[in-house]
Amino acid sequence: MPISIIIGAQWGDEGKGRVVDWLASAADVVARYAGGDNAGHTVALDGEVYKLHLLPSGVLHEQVVSVMGNGMVINPVNLVREIKALRAMGIEISPQNLIISSRAHIITPAHIALDAAKESALGDAKIGTTLRGIGPAYLDKCGRAGIRTGDMLLDVEVFAERLISGIAVANDSLQKQGIEPLDARAAAESYLKAADFLRGFIQDASIFLHQALKAGARVVCEGAQGTLLDIDHGSYPFVTSSSPTAGGALTGLGMGPMQVDRVLGVAKAFSTRVGGGPMPTELEGELADRLRGSGENFWDEFGTTTGRPRRCGWLDGVLLRYACMVNGFSELMLTKLDILSGFEQLKLATAYEIDGLRSEHPPVTNEELERATAIYETMSGWSEDISGCRRFAQLPAAAQNYVQRVAELCEVPINTVSVGPERSQLVQR
Ligand code: IMP
């Protein structure tokens, strides 16, 4: 397996972090390729729970080199904080096991302020972003006005000047909206400190990856967010500003496709979404509460980054099939199957009805998706606690049927399901 790509097949929060953590034990490199600290990956390991926002999940494995790719947008101050927090938990992080691409873009305080200002201007139509400055940072990248991590290797004065002039431009637009301008000098000072800390980690990550692959390294590409949040293939405009799909892994790391031999999609056994936008299988009331959990456990459906309760619903087979198509998954993994234990009946959306017409595929516009009514197949549930199952044959027949039906619907094999948060709670065929 020279290159495996791990992709979220829904709206993020599918449990990719724990899948990457699992695959990382047989990998040499784990590389993140999109997004920034809007992501929240939770990994449970030996009784400790690690919450990662920017660092690849590979940092929890001694033999792995972690890479933060050029497709990411990185808040250097938050990255330093995350590295220090993990070091305090006994995790070794140094330039020997962490490489930051010099081509990744930097999130500045201006981006964060602009994200909040835009959301507030949108009012009820807001995207519901994580307010981490993601959209404005990618906007500057595409508008060819961004600052890159490699700029932290420049003369300190030059780097500071770029930050200050970026903030001055943002201040103009903030003031027009009646928002307090940012203190550019204070922001530059904290970024210069972060730059000092991070300088040794920064290099051209594509060259590193190329050389590692030539030397026979096995690379796991760690997706953040999910296919339905993709800027092109997601439910636009209620999406993030990057490409969390399989194609994004290649552009976000600077690698060609010829050595990819596995594209693993990760989907939850039901649907969740945070933020605004249509969700045809959304549930309300008791059923949604059961799927969400109380919030007492870290695996309950509350955002790792924002703490927001996630919207919950039945598995949307129409969107999942679409995600399989745009990514070309070689296999799909279903997480949190244990959460469905105890439901007498389960529903699985297999098509939509939109304006009286049946459709097997999601519509392109948000307005049509808003009007889509899910057409469900009803399946028998199971009452057994499945958290102790380790082989597929140990799952109750109804659970096996459910998994099998999802695989048929998506035309992609499902070889692994998870039945709890621990590393050991994976069931393989
Ligand atoms: P942004 O990426 O902060 O701009 O947010 C855009 C949309 O993507 C919002 O609906 C967020 O809730 C959603 N989003 C961004 N990152 C994640 C994630 O890691 N998990 C789930 N949703 C996310």
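**Entry 1: a loop**

I began with Pro-237, which sits in the loop between β10 and α8 (helices are DSSP runs of H or I with at least four residues, strands runs of E with at least two, numbered from the N terminus). This is a predicted model, where local features need pLDDT of at least 70, side-chain atom pairs count only at pLDDT 80 or more, and totals for chains, interfaces and linings use all residues. Residues are numbered from 1 along each chain as its sequence is written, and side-chain values use heavy atoms, with hydrogens and water left out.

I looked at the bond between Tyr-236 and Pro-237 and found a cis peptide bond, with omega about 5°. I noted for myself that most peptide bonds are trans, and that most residues other than glycine have a negative phi.

Next I went to Ser-242, in the loop between β10 (219-222) and α8 (246-251). Is Ser-242 buried or exposed? Ser-242 counts as buried because its relative accessibility is 4% (buried means under 20% relative accessible area, exposed over 50%, partly exposed in between, with a 1.4 Å probe and protein chains only). Leaving aside neighbours within four places in sequence, Ser-242 is in contact with residues including Ala-34, Tyr-138 and Asp-230 (contact means heavy atoms within 4.5 Å).

**Entry 2: positive phi values**

I looked up two residues other than glycine with a positive phi. Asp-13 has a phi near 65° and lies in the loop between β1 (3-8) and α1 (16-24). At 24% relative accessibility, Asp-13 counts as partly exposed. Glu-411 has a phi near 55°, and its place is the loop between α12 and β19 (414-418). With 73% relative accessibility, Glu-411 counts as exposed.

**Entry 3: helix α9**

Which residues of α9 (residues 285-292) are buried? I found Ala-288, Leu-291 and Arg-292. Down the axis of α9, its buried residues fall within an arc of 100°, so they line one face of the helix (the arc is that of the directions from the helix axis to the C-beta atoms). They pack against β13 (311-313). Just after α9, Gly-293 has a positive phi of about 85°.

**Entry 4: the cores**

I then turned to the largest nonpolar core, which has 65 residues (a nonpolar core is a set of buried Ala, Val, Leu, Ile, Met, Phe, Trp, Tyr and Cys residues joined through side-chain atoms within 4.5 Å). Its largest share, eight residues, comes from helix α12 (residues 397-410). Leu-340 is among the residues with the most contacts inside this core. Not counting residues up to four places away in sequence, Leu-340 touches Leu-291 and Tyr-402, among others. A second, separate core of 38 residues includes Val-43 and Ile-164.

**Entry 5: a pocket**

Last, I checked the lining of the second largest pocket, which has 15 residues (on a 1 Å grid over the protein atoms alone, a pocket is an open set of points with protein on both sides within 12 Å along at least five of seven lines, and lining residues have an atom within 4 Å of a point). Among those nearest its centre are His-233 and Pro-363. The elements giving two or more residues to this lining are α10 (317-327) and α11 (366-371).

Note on methods: 1 Å grid on protein atoms, 1.4 Å probe; cavity = no way out; pocket = protein on both sides within 12 Å on 5 of 7 lines; lining within 4 Å.
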